[in-house]
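User: I'd like to go through the labels on this one and see what backs each of them. Could you take me through it?

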Amino acid sequence: MSFFVTDIWVIPALPLLAFLLNILVLRPFFDLSNRDKGHAAEAAAAHGAQGHGANTAAGHDEAHGNVGDPEQHDIGHAEASPDDAYVRALDTLDGHIDTPAAIPRALRTAEKTPGGYALVQLVEDAEQHPHHPHGSPTIWARINGYMGILFMGLAFLWSLGLLVALMQNPALQRGETVPIYTWISVAGLRYPIDFYVDSLTAIMLVIVTAISLLVQFYSQAYIEGEEPRGYSRFFAWLSIFSLSMLLLVLSSNFLLIYMGWELVGLSSYLLIGFLAKDAAKPEAGRPSPGAAALKAFVVNRVGDFGFLIGILILFTATGTFVFTDIPARLGPINLALLTVAMILVFCGAVGKSAQFPLHVWLPDAMEGPTPVSALIHAAKMVAAGVYLVARTFPLFHLAGPQALTVVAYIGGFTAIFAASIALVQIDVKRILAYSTISQLGYMFVGLGVADTIGPGIFHLMTHAFFKALLFLGSGGVLLAVSMNQDMRKMGGLATRIPLVAFPFLLATLSISGFPFFAGFFSKDEIIAQTWEHGDYILYAMTLATAFLTAFYMFRLWFLTFGGKGGKFGGLWGGEYRGTVAVKKPDFRVWLPLMILAVPSVFAGFWGWSSVGGNFNAFITGHPLTPAFANPFTSPLTIFGVGASLLGIALAWGMYGLQVVPRNVFVSNPLGRGFATVLWNKYYIDEIYLAFVRYVVMGLSKVASFFIDRRIIDGIINGAGSGVVAFGRGLRRSESGRLQNYGAAIFGGTLVIAAVFFAVVYFGK
Amino acid sequence: MSITATDLWLLSPEIALTLLALLVLSLDFVVKRKAILSIVSILGLIAPAAFVTQIGLTGSRPLSGFYGMLRVDNYALFFDYLFLLIGAGVVLVSYDYVRLYLKNTGEFYALMLFSLVGAMMMASSSELITIYIALELTSFPLYIMAGMLRNSVPGDPGSASRSSEAGIKYVLLGAMSSAILLYGMALLYGSTGSTDLGEIATALTSIGHGPNSLVLLLADVFIFAGFGFKISAVPFHMWAPDIYEGAPTPGTLFFSVASKTAGFAALIRVFVDGGLVQTSSFYLWGLIAIAAILSMTLGNVVAIVQSDIKRMMAYSSIAQAGYILVGFAALAYRPGGASQAGNAAILVFLAIYVITNIGAFAGIIALANATGGERVRDFDGLVRRSPTLAVGMALCLLSLAGIPPLAGAVSKIIIFISAWQDGGLLPWLVIIALINSVISIAYYVGVVYRIFVSPPPREDRLRVSPALSVALGLSVVAIIATTIFIQPLLSAGGLGANDLVGFLGLTH
């Protein structure tokens, strides 16, 4: 066996090592101690991330008090008087600006203060100011960054080696359990930590490490601009995020995968809430990062609860957590029970992969730094759900069609549902967020309808590349226009930042399903599978989604990069609607984009038999039928391509050439009403809020009044106060008097002796 | 009759520790900087540790010396290491406290080291009189340490008088309990004609359940009561809260770990190696189980209503003793047939309890040194005032509460599962223990809740001294390390437990 397989532990060990060196050695002893000032500020910021999360209600207002002034950052007890904020914001502009990122924050605060409007102009001028020296990370922080990148690079090379080894040796592709460590092994308890390596693992490892590597490289530039003091910490969280995802991918059993699953949740919480000092922006519908992080965590809990119960059902039925052992031990299987268990496991996937109805956390998670968004959306968190279903696919298959039908229909509905919301959004990152939700829906459709995991995983792979590119590209845009996310203040950026725009266009074409691009092959395969399996409802849904996807993605493209007056009918460049000057990002931003553009365009060929692609055979051992392996032999492809081109053409007509009036759909009351519904995301958040506020709280009030106070309270208070009263009573026995204690000890001894004496004597 | 070199070699750890204590005591007269005493105490522990290791590396065990009075087996070595660990931990934790409040640094360390000599002897002797002498050697320094706070801690004017009170109470109650223990030993000697555990066991098998069994019953109960005082098992626990609260805090830590561990080491050795559990298993099991139930229940329930953190820890330690007694009950229920993992888990539980308690007390002392507060509510909002202290303290408390996957949970789970598998009435005992674990979450997590969620009384940054940071940091590292590498520890505990039950030829 190849040493790439037997020594697979190297891959997760590398980010773990980077994390430990960073957080235990370099950050405390070199980075923090080499700062001229601001130990406290950094620590305060660090705990601010938690403080906000734990206490979001207070968190919203607190950023008022400490605009751009990390020294005085004082979560929890800042008196947020508007005038105070105004004065401090002015101070900020007087040369105390630590970071360029502080300025938009000052701006956001100032806009909310009375009379703060004039300030906005000042701030916009100030945005041209160079970096303040205190705003740069220390050399040790940078070394932390380099170390993270280097170690992730090594992990990537190892994964690549593993992939090649597996490709050369088909015997390895079908799975190999690699024992790593036996945690506990006593008295019939055995908790091994084993890794499982097959071609699915190898693909996932390459995706995770490749995207993590590029994102870490990219983060250097990004985090230096946003939060230079948190530089080391950010790279530490990135490492732990990678580690969690790698553990999840490598695990051979439910116990370890659940651990990785929760670690992913934890590290995403830390990363989404990383910019904890930012305030909420209700006017743009944006929560504060702290609130967003908390929401992600809590919504995921809902799904995880189902997942945990599913795991426990399976464990009770089989006595094992190991994926490959479960089918054999199911014995006379109770299919209904297995179906229920697998649907519960799928609940976990619904939460992590942001499927309806647990999708609400993902758009809010955009409040994290953009590299984090790229990670979450492309390789890490959301991919975990799809991976879970793929990894446990044999069990889904065994459970019969119902479980997979649930998977497919949740996916299909989510795909079209999220795509429709994306149609009307104006925030760059939010559109991409909804597009992720929608594309994940495709993957679940792929897993649900096809009898194999091939199509779903194929789309997971191509999507990982182009979505990472899109997010990193949008980050490049945000850096260029000073963190403004509103597309109405963009336009024509293609000629201004061509190095970002060009790869972005390729990724846009890919996600829209333009022929020969990666997304075309993977998406078309899924759409065709639905038809082939006779599921015409799903076919209609996925086809419509393809049209919507092409439309909203090119709407995004034209509003951001193109527009009136641009070349090729508004495709490239045009009028710029913003006020701030466009800054050209450096190579740390555009280089990863260029690299990602290659697989975003060509990765699809791996599934195209005409050029020798055999992705499905690699993943599952069985090649696809010719109709799927080569989309150009199937008449269905015409419809898929047609939907895509139609969407592109419509977007071009409305936003590029501007020959179709932009109000064509909203000029009638019905369209307007529908657009409002979409703009408000079908009011799902509001419904949940109302549900919690009125139904849950109402029910609990009713229950509290009739049941709780009368019956349960009687019992619980009886028991609870019984315990406490019992405790108080016993406590009274601690009189403090020595004589009592002595009497108790001696008396206790005698009583026990007497009792046993009686038992032994009379028991005979 | 003469003492051989082998005898001295087997006693070398204790001898080295005694010399170290004498060295510290005499250095106290000559050095001005008291820090040197701490450094000497902690580095000096290397010598006994080296002797223990040297004995451990030497071929076959069990070894015995001094005509069978000294018994050096894996069980004894396990505890030797544990006691040396306690010594190092207490020196680190007490460094600032002793310097600030006690003033007599050398005496405190020397007393502690003498006490540890006794504790090590308790774990490694197999003769009743030696065990008794060792127990007294352990206890006497404790009585002095309890009353050592002669000048009140600033901000707590009553502390000096409470300390003296604690010392007096401890010495009187301790005397009474050792009288009971001695009476029990005398009864045992009367029925069997020997003080050597091996000979007692042999004699007991021939006596069986004859007319002596009622005398034996009294002996069992009295010996259990005597050691029950040391391990603070209910109903012999009443000294613990008052003395824990009154004693200087590093002393409290030392009582809660050293006294308890030594008590368990000797208790289990006497009952198992003396053949008592084999001949009178049917009621001895009940005795231990009742003590376990009472200790767990009373400890956990009363801990909830405590407002002083040291009193809370006192009740927590009573409850923890109850969990260990669950494991011991399983051993007594099926002597020789109890699951090996369960026996190993008793030792592992003690080790993890020691590590965790050192960490928790390091946190308590750090807070007390910085703010003068030792009440539960002084922990409010600690995370805002010192994030590292808060996280370390919380980790220790969560481990004590048995929140998975922390080490405390693992050892608890193994004890409970092994007891459950032993069958009979034991599952009922385990169910009671589980209910108690749930109750215990109320106060452990209650403090964690205060640390992280409650608003802090003051917005300031607390300074934690280097020694306490190191102690807390090492405890946290040790908790995490034992969590991950629990298997080697279980194996070591298994070796110790095997030697213990193997003494009478009980095998698995």
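User: At what angle do helix H1 and helix H3 of chain B pack, and how far apart are their axes?

Analyst: Quick caveat: this is a predicted model, where local features need pLDDT of at least 70, side-chain atom pairs count only at pLDDT 80 or more, and totals for chains, interfaces and linings use all residues. Residues are numbered from 1 along each chain as written, with chains lettered from A and ligands numbered from 1 in written order. Now, H1 (residues 5–30) and H3 (residues 46–57) of chain B pack at about 180°, axes 8 Å apart.

User: Why are H1(B) and H3(B) called roughly antiparallel?

Analyst: The angle is about 180°, and angles over 145 degrees count as roughly antiparallel (under 35 is roughly parallel, 65 to 115 roughly perpendicular, the rest oblique). So H1(B) and H3(B) get that label.

User: What makes Ala354(A) buried or exposed?

Analyst: Ala354(A) has 31 other C-beta atoms within 10 Å. The cut-offs are 20 or more for buried, 12 or fewer for exposed, and partly exposed in between, with C-beta atoms placed from the backbone. Therefore Ala354(A) is buried. Its phi is near 55°, positive in a residue other than glycine.

User: And why is Phe66(B) called partly exposed?

Analyst: Phe66(B) has 17 other C-beta atoms within 10 Å, so it is partly exposed. Phe66(B) also has a positive phi, about 50°, without being a glycine.

User: How do you know that the peptide bond from Val234(B) to Pro235(B) is cis?

Analyst: Its omega is near 5°. Pro235(B) is in the loop between helix H9 (213–230) and helix H10 (239–246) of chain B.

Conventions:
Axes fitted to C-alpha atoms, helices over the stretch in contact; angles between N-to-C directions. Helix = DSSP H or I, 4+ residues; strand = E, 2+ residues; numbered from the N terminus.
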